[in-house]
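The following questions and answers are meant to be read beside the sequence and the 3D view.

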Amino acid sequence: MTVRTRFAPSPTGLLHIGGARTALFNYLFARHHGGQFLLRIEDTDRARSTPEATQVILDGLAWLGLETDEAPLFQSTRQARHAEVAQQMLAAGRAYKCFLTAADLEQMRAQARAEGRGPRIDSPWRDRDPAEAPPGAPFAIRLRAPRDGETVVDDLVQSEVRVANTELDDMIILRSDGSPTYQHAVVVDDHDMGITHVIRGDDHLTNTFRQVQIYDAMGWEKPRFGHVSLIHGADGTKLSKRHGAQSITEFRDMGYLPEALCNYLLRLGWGHGDAEILSRAEAVALFDIDGVGRAASRMDYAKLAHVNGVWIRAADDDRLTREVLARLARQPGLALGTAAAHRIRALLPQLKERAKTLVELADSAAFLAHPLPLAMEPKAAALLTAENRLMLREVAAALAASDFSPSGLDAALRGYAEQTGRKLGSVAQPLRAALTGSTVSPGIDAVLVALGRDEALGRIAAASA
RNA sequence: GACCCCUUCGUCUAGUGGUUAGGACACCAGCCUUUCACGCUGGUAACACGGGUUCGAGCCCCGUAGGGGUCGCCA
């Protein structure tokens, strides 16, 4: 049996972090077992589904590198099939026409509430002859659910879960307008798509009981289910717009690398010994459903930042340079020519050691593209005292005499410090201020090399004038 | 409210009857050092609570508490 999994979001909102993890787990599970990963867009709610949300899902999955093995299936295209199956169940006596109106239902629920009962609906039409209904009256189709016994789900994550059938009422599978309900459409589509493993959020666990009843009514083989616990916000409460970054595209904008986000998400709810940093290939090799935990987990942005830093350091320098240039291009006041691009590329190996996000990386590289005169941070400006400006003119002379190689510059700097009886730091910090406008940067030798002789000496001259 | 699920350091987790309860992030201290990072070394810190079962329980059972989810002709 070939494993086939699917990710089935509804395009009524954004692709958030929980959905991304669900997609990742489905992808990894399928790949690990040599199977296929599919996408189904659950757009049956025409009123709330938007093409924009569909695009966000597609873009988000592509960015995360979760490619599917078949073209996405749009659930709205399958209405006829959903109705067909409902009719089959009707014909087989596993479902019945219910002529209760919305008003009837509301009244029944109100009464149940008043009597302190649950909102369970027991339709009288389960046992009534449809011929008794007014001719032409609209009806919904309800599942004729078993009244005795219990429904059991042997969940891959939560283990065996069972509920008494008396707790489950006869749910509607086809609305009076002929459209399928979610529970019904999901089952029909998963069956027709040949889905073998349904890995989804914990919020669907109790839905599964109802879905299992549909599989049984049709005599269909059931897929295995695996319900993954939800992700909560950093404060432990349910994820919501209040937690800031909701959409996966926002994480991209905040400067996270897709491989880092995947790595972080993988470790949120899944563990394998002491493994922490995992490439996609390693994740595919190691991931399995038995490593998924049962408890809900919280977003930890500090850890995400750390993981992102690890992946930035491991990332290709040319790729990072492109990312930095793209971000810098949106900032005003920069001289972003080929010279600046070359400087950034030259210093990138040092810069990426110090960044946890691409935003930080771009910020730390911006000074390389600043035109003269350099804007000075207050702390940097404070270092450029009259005395230090005098010193910088001497330092410039010493540097100019060097070959401008890292070792040559280092030797020139140390030599100057030694000759003048200064500590290296008292020379380097004012120099750093003159070169970068900041008190923080990569090693001063690397900065000098990246800037190049002319630009470096020009900056020192401008700052020490 | 009913039903279902969950509960190991602050956070993510390892642990499947006998462990000094391990790792990672964060935090603290130190080293490295030309700033900031990176890196390295060390440290603080957890089995929700109460009963069982057992020679022995983080691991098994039952309660309690807390958290979450579901109860639509939404998905």
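Q: Which helix gives the most residues to the surface near RNA strand B?
A: This is a predicted model, in which local features need pLDDT of at least 70, side-chain atom pairs count only at pLDDT 80 or more, and totals for chains, interfaces and linings use all residues. Residues are numbered from 1 along each chain as its sequence is written, chains are lettered from A and ligands numbered from 1 in the order in which they are written, and side-chain values use heavy atoms, with hydrogens and water left out. A residue is near the strand if one of its heavy atoms lies within 4 Å of it, and helices are DSSP runs (H or I, at least four residues) numbered from the N terminus. With five residues, the one that gives the most is helix H17 (residues 424-436).

Q: How far from a base oxygen of RNA strand B does a polar side-chain atom of arginine 354 lie?
A: Polar contacts here are pairs of N or O atoms within 3.5 Å. For the side chain of arginine 354 and the base oxygen, the distance is 2.7 Å.

Q: Why are H15 and H16 described as oblique to each other?
A: Helix H15 (residues 386-400) packs against helix H16 (residues 406-419) with their axes, lines fitted to C-alpha atoms over the stretch in contact, 9 Å apart. Angles run from 0 to 180 degrees between N-to-C directions; under 35 counts as roughly parallel, over 145 as roughly antiparallel, 65 to 115 as roughly perpendicular and the rest as oblique. H15 and H16 are therefore oblique, at an angle of about 140°.

Definitions and conventions:
Polar contact = N/O pair within 3.5 Å; in protein donor to acceptor, adjacent residues only side chain to side chain. Helix = DSSP H or I, 4+ residues; strand = E, 2+ residues; numbered from the N terminus.
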